[in-house]
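Biologist: I have just opened this one and would be glad of a guide. Could we go through it together, term by term?

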Amino acid sequence: MKNYLIILLFIATTVTFSQETKKELEKEKTKIDAFASKTGSIIKLTDYKLSGIKTLYGGLSETRIRKINSGSLVSYFFQIEKQGKYSTSTASIEYSDLLEVIKAINSLKSEVEKDLATNPEYLENKFTTVDGFKIGYMINKGKTTWFLQLEKYGSDNTIFIENLQIVEKAFEEAKIKIDELKK
């Protein structure tokens, strides 16, 4: 009887834990996952290639606009893709988040000189979207390096950029293309 009770307790704990884990995973859906995974709808993905982003270490990250039709609904995402040694990281930034990132770039740009003037050993200043995309800069021993962290989790998902103008150009190009596609 004692063994039966222990087994029953173990099963109940396992079922409860797996349900909690499932709920946590459902909360982690990104905007693109939520939009493009609607069951019972035909999903059409259309990509429009953009210029790309030149990285600090000589590589080029691909950029594109992904238009997603889900039934009668349409959504647009700016995607930045970095080919890693073992995997590919992709940021999918929904249009309203793209506008927020552009505002954040302007805000961060105005703060970088003030932060440099404090002469920190190390400083990091960044903006994060709901989906976990990050843009920011770090100051290390007087040198500023801009970065884009494409995904919330994983390794080899960060792009380093020396010149902010490259990033500004890429985000502005994405906004213009989406505005054009919406007409």
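This is a predicted model: local features need pLDDT of at least 70, side-chain atom pairs count only at pLDDT 80 or more; totals for chains, interfaces and linings use all residues.

Biologist: Leaving aside its neighbours within four places in sequence, which residues is Asn140 in contact with?

Modeller: Asn140 is in contact with Glu121 and Tyr122 once those sequence neighbours are set aside; contact means heavy atoms within 4.5 Å. Residues are numbered from 1 along each chain as its sequence is written, and side-chain values use heavy atoms, leaving out hydrogens and water.

Biologist: Why is Asn140 called partly exposed?

Modeller: Buried means under 20% relative accessible area and exposed means over 50%, with partly exposed in between (1.4 Å probe, protein chains only). Asn140 has 41%, so it is partly exposed. It belongs to strand 7, residues 134-140; strands (E, at least two residues) and helices (H or I, at least four) are DSSP runs, numbered from the N terminus.

Biologist: And what makes Lys141 exposed?

Modeller: Its relative accessible area is 65%, so Lys141 passes the cut-off for exposed. Lys141 sits in the loop between strand 7 and strand 8, and its phi is near 55 degrees, a positive value in a residue other than glycine. Asn119, in the loop between helix 3 and strand 6, has a positive phi of about 50 degrees, although it is not a glycine. Asn119 is exposed too, at 62%.

Biologist: How do you know that strand 7 and strand 8 pair?

Modeller: Two strands pair if DSSP finds at least two bridges between them. Strand 7 and strand 8 (residues 143-149) have seven bridges, in the antiparallel sense, so they count as a pair. One example is Gly136, whose bridge partner in strand 8 is Phe147. Strand 6 and strand 7 also pair in the antiparallel sense over seven bridges, and Phe127 stands opposite Ile135 in strand 7. These two strands form a hairpin with five residues between them, where Gly132 in the turn has a positive phi of about 100 degrees.

Biologist: What is the order of the four strands in the open sheet?

Modeller: The order is 6-7-8-9, with antiparallel pairing. From one strand to the next, the twist averages 20 degrees.

Biologist: Which strands does helix 3 lie across?

Modeller: Helix 3 (residues 95-117) lies across strand 6, strand 7 and strand 8, at about 10 degrees to strand 7. Helix 4 packs on the sheet as well, touching strand 7, strand 8 and strand 9, and makes about 30 degrees with strand 8. Such angles run from 0 to 180 degrees between N-to-C directions, with axes fitted to C-alpha atoms, for helices over the stretch in contact.

Biologist: Which residues of helix 4 are buried?

Modeller: Leu164, Val167, Ala170, Phe171, Ala174, Ile178 and Leu181 are buried. Down the helix axis, the buried residues fall within an arc of 135 degrees, so they line one face of helix 4; the arc is that of the directions from the axis to the C-beta atoms. Gln165 and Lys169, on the other side of helix 4, are exposed.
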